[in-house]
Amino acid sequence: MVNVIKMELYRLFRTKSLYVTAAVCAGVIILLVMLTSALINIVTDVSASDLTVSMSDSAEGTTVSVSDTASQSGGTNPADFCSGFISGLCGIFVVIFTAIFIHGFYRDGYSKNVIACVKYRWYFQVSKAVCIAVYSVVILAVASVVSLIMSAISLNSFEFEYMGVFFQFLLGEFFLLNAIGLLSAFLTELTYSKVTAIVYILLASTNLISGMLSLLEDKINDIFHTQIELWKLLPSLYQGSFRLGAPDTSGNGEMLAHAIVLSVVFIAIYNAAGAYLITKRDVK
Amino acid sequence: MEYILKTNMLTKQFKQQKAVDNVSVSIERGSIYGLIGRNGAGKTTFLRMIGGLAAPTSGEMEIMGFRSSDGTVNQAFERIGSLIEQPGIYKNMTAFENCRLKAMCCGVYSEDYVKAKLALAGLQDVGKKNVGNFSLGMKQRLGVAMATIGEPEMLILDEPINGLDPQGIIEVRDIIHRINKEQNITIVISSHILEELSKLATHYGIIHNGRLVEQLSHDELLGKCSARLEIVADSAEKAAKILKGLGCNYSVANEHMLFVNDNIEKSAAINKALVTGGIGVESLYRRSQSLEEYFISLISRA
């Protein structure tokens, strides 16, 4: 099994997609941070809630002064600021890269060369899961480093006391990305098509599926005079994990626990179901 | 005589169609076994089964002493190298990297080993060129080289000379010969280019519509394709009795045609005996049969 893992890791680091996706991710984050920090600075400048108004009476009359208190307030939590860029963006790249990487194993026919060379075919499932985890680390590292650097440069102030929370957030993100990547890999292996996995996951992550269910439930409720909420049929973990919005960065560990559970569940599903598929199906 | 592969009533069925239908072959260790058949005859499906890429619907295999009936045959697949259909290669990687991947999977990490395999296939000078830019012949040679990684005891090559120019065919043929002679690797090779196969194979299996029609050695095939008398008579049945009386080795093609495989130099005496016996002989002539003609005649009778 170690040989198979080494083989796939060798292939991983010689795949151009790894470096291309990392570069694109970095470029997108740079752009987003620059845009976002410009907006924050503008809003900060004009935000009424950050202004202090004081009046004083003097012989000459009443003096009204307005001062900007934003710069006097606490600095920006990197977890809050960076999480919005990292979460959804990395999820998309993990899905796309995983689908391409897994699909390449079958599309190019390399599977025929090696599948019969090992004692158990499920070794390949484990090796792909390892590669997905490694890629998740790589993309997360690139995204977090770039966003931190750009944020530190762009924002008026940046509080490094929140870095502990930020790293906890990154750890939770790693497990979430792992779970998403494994689902993408499973769909790719099931259908031998990278398009299926990419389209399904992207649709799910933009809440289009739950949105469609909401529309459907209105019709059903009208017709049958019921009060059901179809979207609640989606597992709550799924619902919480595939949105593109910024996840919880309060650092209270709930998200991390949630993410670990999700990752473990998908590891089990991927390896069990994938091992069954790769063992029982004829090699394409 | 040691057999490296034996199959017994091996069958592969896809929905209503049997791609391989009760095929029983025996392949000697160290031989080059040529599997001959038309497109869609079931060659590739059979090779995929013995290579561990497809599970049989029914029947048994015994490879290197490991049997499918007791579930140990997977251990044999680890000792088989295969090139089935198109070579499985990553087009955006170099030849070295493609071979290195296979070598790593087999537990071999030596770069010199990979370079030696590339040299075996004549690809030692391709440098950092991506495989996607290789010619068809180079890709086929790379596929053969990759199939030999891990020092397999048996090599399965599915139409390795398809689409190659004459130079490429010669190169692949030389590689196969060298592998077989120097490393005593048993080779199972399929093709429908019969003349090329006849220059390589020591044994043949002819497959048609999923069924094994005939299995014979190279010498036996030569015997069947060698010079013979072809007799067209008004009654093959009556002529056969006379030939039998003469002690000739003959075969009946149809109700009017017979082949006499020996005593060819006695064609005049045979003609006289037939005419004297009241048989109307329309034609009698000596001819050799090419491999293609033998194959066609066999298939038409199957």
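Predicted model: local features only at pLDDT ≥ 70, side-chain atom pairs only at ≥ 80, totals over all residues.
Which strands of chain B does helix H10 (residues 267–276) lie across? Helix H10 of chain B lies across E12, E14 and E15 of chain B. The helix runs at about 160° to E15(B). The rest can be taken step by step.

Start with the chains themselves. Chain A has 284 residues, and 36% of them count as buried. Its secondary structure comes to ten helices and two strands. Read from the N terminus, the elements run α-α-β-β-α-α-α-α-α-α-α-α. Residues 24 or more positions apart account for 82% of them.

Chain B has 302 residues, of which 42% count as buried. It holds eleven helices and 15 strands. Its C-alpha trace spans about 75 × 45 × 35 Å along the principal axes. Among its contacts between residues at least 6 apart in sequence, 68% join residues at least 24 apart.

Strand E1 covers residues 3–14 of chain B. It pairs with strand E2 (residues 17–23) of chain B through four bridges, and the two run antiparallel. Phe14(B) has Gln17(B) in E2(B) as its bridge partner. E1(B) and E2(B) form a hairpin with two residues between them. In the turn, Lys15(B) has a positive phi of about 55°.

One link here is between Lys6(B) and its bridge partner Ser26(B) in E3(B). Five bridges join E1(B) to strand E5 (residues 58–63) of chain B, also in the antiparallel sense. There, the bridge partner of Thr7(B) is Met61(B). Behind such pairings lies a general rule. Strands of a sheet pair through backbone hydrogen bonds, either parallel or antiparallel.

Next comes a helix, H1 (residues 43–50) of chain B. Is it open to its surroundings or enclosed by the rest of the structure? Eight of its eight residues are buried, so H1(B) is largely enclosed by the rest of the structure. The buried residues include Lys43(B) and Arg48(B). Phe46(B), Leu47(B), Met49(B) and Ile50(B) are also among them. Just after H1(B), Gly52(B) takes a positive phi of about 85°.

Further along, two helices of chain B come together. They are H5 (residues 136–147) and H6 (residues 166–183), whose axes come within 10 Å and cross at roughly 10°. That crossing angle makes H5(B) roughly parallel to H6(B). From H5(B), the residues that meet H6(B) are Gly137(B), Gln140(B), Arg141(B) and Val144(B). From H6(B), Gly168(B), Glu171(B), Val172(B) and Ile175(B) take part. By class, this contact has three nonpolar, three polar and two charged residues. An α-helix has 3.6 residues a turn, so residues three or four places apart point the same way.

Then comes the sheet from the opening question. Four strands of chain B form an open sheet in the order E13-E14-E12-E15, with antiparallel pairing. Strand E13 (250–252) and strand E15 (281–287) of chain B are the edges, each pairing on one side only. From one strand to the next, the twist averages 20°. Strand E12 (residues 228–233) of chain B pairs with E15(B) over six bridges. Arg228(B) has Arg287(B) in E15(B) as its bridge partner.

Finally, see where the chains meet. The contact takes 28 residues from chain B and 21 residues from chain A. On the side of chain B, helix H2 (73–77), strand E7 (80–83) and helix H3 (95–105) each supply at least two residues. H3(B) gives the most, with six. By class, this side of chain B has 14 nonpolar, nine polar and five charged residues.

Note on methods:
Residues numbered from 1 in each chain as written. Chains lettered and ligands numbered in written order. Contact = placed C-beta atoms within 7 Å. Nonpolar A, V, L, I, M, F, W, Y, C, P; charged D, E, K, R; others polar. Axes fitted to C-alpha atoms, helices over the stretch in contact; angles between N-to-C directions. Parallel < 35°, antiparallel > 145°, perpendicular 65-115°, else oblique. Buried ≥ 20, exposed ≤ 12 C-beta atoms within 10 Å, placed from the backbone. Pairing = 2+ DSSP bridges.
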